[in-house]
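The entries follow in the order of looking.

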Amino acid sequence: MTIGSPAIELEKLLDKGRKTAIISHFNPDGDAVGSSVGMRRFLLSKNMDADIVLPSRHPEFLDFLDPEKDIICYVDNKEKALQTVNAAELIICLDFNRPERTEWLSEALTGSSAVKVLIDHHLNPDRDKFDIIISDASASSTCELLYRTLMDFNAIQGDPHRLSHDTLTAIATGILTDTNNFNNSVTPDTFSIASDMLRCNVDLDAINTLVFKRYSESRMRLMGHLLTDSMEIDTRLHASSMVITMKDREKYRFADGDSEGFVNLPLMISDVEVSALFSETPDYVRVSLRSKGHISVNALANAFFNGGGHERAAGGRLYMPVGQVRKYFLESLEQFLLTSEGR
């Protein structure tokens, strides 16, 4: 840990021109990609450079953030991804709280002698693994926290007009996606930052269209199938569950990001307090959990689903046949609610 402002310490590191890698988590979402691209665009605007390395592909609807295909993806080019991490003198870690979230990059990350900086809004960061930590679990998104960090730089002095339009657009994208278009986890700071963006001529309407209104027909049909044929509600536990099987993936031509937001839909039902979406993959079942009210799905994911996240939005994995996940979910939730941790 450093003495003084972590933002100023980071600015000093950047001024030294170290070879820099920017890393985010497996299955990167809009906040992961937005913060990574935003950080890199800021460096480019200052005639500095950095490479973005992601463990897996980002959803296609975020391609507009990387028009030149500069992002290095481990699953597409393992050798280049590892070389980039291993050669870095400074590694900026965004939108994850522990190295394990980077999957195949985790070993290279933890083994690197580079200075490691964490900027993240998840609970309980692994403080032993990073040299500088900028963490605030109350922030709506890592992009919001990144924006506040850049505003604290001496070179910026709180003036958003000193950030490039590309930097602001990437950051705005992460805020929009992680708040579900300003519907979740917003604070007064979130709206203040959105106002700054508008004053800097960032087109939030255009980003909204690019992020939320470019889905495929097959995605819409998959959503209809889940709501009509897959969604089950346990009225006793006030819980909903939906399952995407490998057959569903094939039938609806499932692409990365196609299920974004699906887990939130059952929470629109007045009696549903917890929603779970299970997505079968060849190696495991991906778990997405959301809640409203008093239930901490972060604690639930930590206790039963090999994961974690935020109090009302979390995820994890299960290593069991997909046909068993609903029963396991309901049994786990019931056990969780019987403890003081759940209530």
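Is R317 buried or exposed? I found R317 buried, at a relative accessible area of 16%; buried means under 20%, exposed over 50%, and partly exposed in between, with a 1.4 Å probe and protein chains only.

**Ground rules.** I am working with a predicted model, in which local features need pLDDT of at least 70, side-chain atom pairs count only at pLDDT 80 or more, and totals for chains, interfaces and linings use all residues. Residues are numbered from 1 along each chain as its sequence is written, and side-chain values use heavy atoms, with hydrogens and water left out.

**Salt bridges.** I took a salt bridge as a side-chain nitrogen of Lys or Arg within 4 Å of a carboxyl oxygen of Asp or Glu. By that rule I have 15 salt bridges.

I looked up the partner of R317 and found E103, with the closest N and O atoms 2.4 Å apart. R317 lies in strand β12 (residues 313-318) and E103 in the loop between β4 (90-94) and α4 (106-111), so this pair ties together parts that are 214 residues apart in sequence. Helices (H or I, at least four residues) and strands (E, at least two) are DSSP runs, numbered from the N terminus. E103 is partly exposed, at 26%.

Next I checked R57, whose side chain meets that of D76 in a salt bridge at 2.7 Å, N to O. R57 is in the loop between β2 (50-54) and β3 (72-73), D76 in the loop between β3 and α3 (78-87), so the two tie together parts that are 19 residues apart in sequence. Both count as partly exposed: R57 has 46% relative accessibility and D76 has 49%.

D136 and R148 also form a salt bridge, at 2.6 Å from N to O. I also noted that R40, D49 and D70 are joined into one network by salt bridges that share partners.

**Sheet.** I traced an open sheet of 6 strands with mixed pairing, in the order β7-β8-β9-β10-β12-β11. Two strands pair if DSSP finds at least two bridges between them. β7 and β11 (308-309) stand at the edges with a single partner strand each, so one side of each has no neighbour in the sheet. β9 and β10 (residues 285-291) pair in the antiparallel sense over 7 bridges. I looked up L277 and found its bridge partner in β10 to be S288.

**Helix α9.** I listed the buried residues of α9 as S218, R219, L222, M223, H225, L226 and S230. Seen down the axis, they fall within an arc of 160 degrees, so they line one face of the helix; the arc is that of the directions from the helix axis to the C-beta atoms. E217, R221 and T228, on the other side of α9, are exposed. Among the elements covering the buried residues are β7 (232-234), β8 (239-244) and α12 (325-337).

**Cores.** I took a nonpolar core as a set of buried Ala, Val, Leu, Ile, Met, Phe, Trp, Tyr and Cys residues joined through side-chain atoms within 4.5 Å. The largest has 50 residues, of which L14, M39, F42 and M197 touch the most other members. Not counting residues up to four places away in sequence, F42 touches L14, L150, F153, I156, L163 and T167, where contact means heavy atoms within 4.5 Å. A second, separate core has 24 residues, including L237, A239, A299 and L318.
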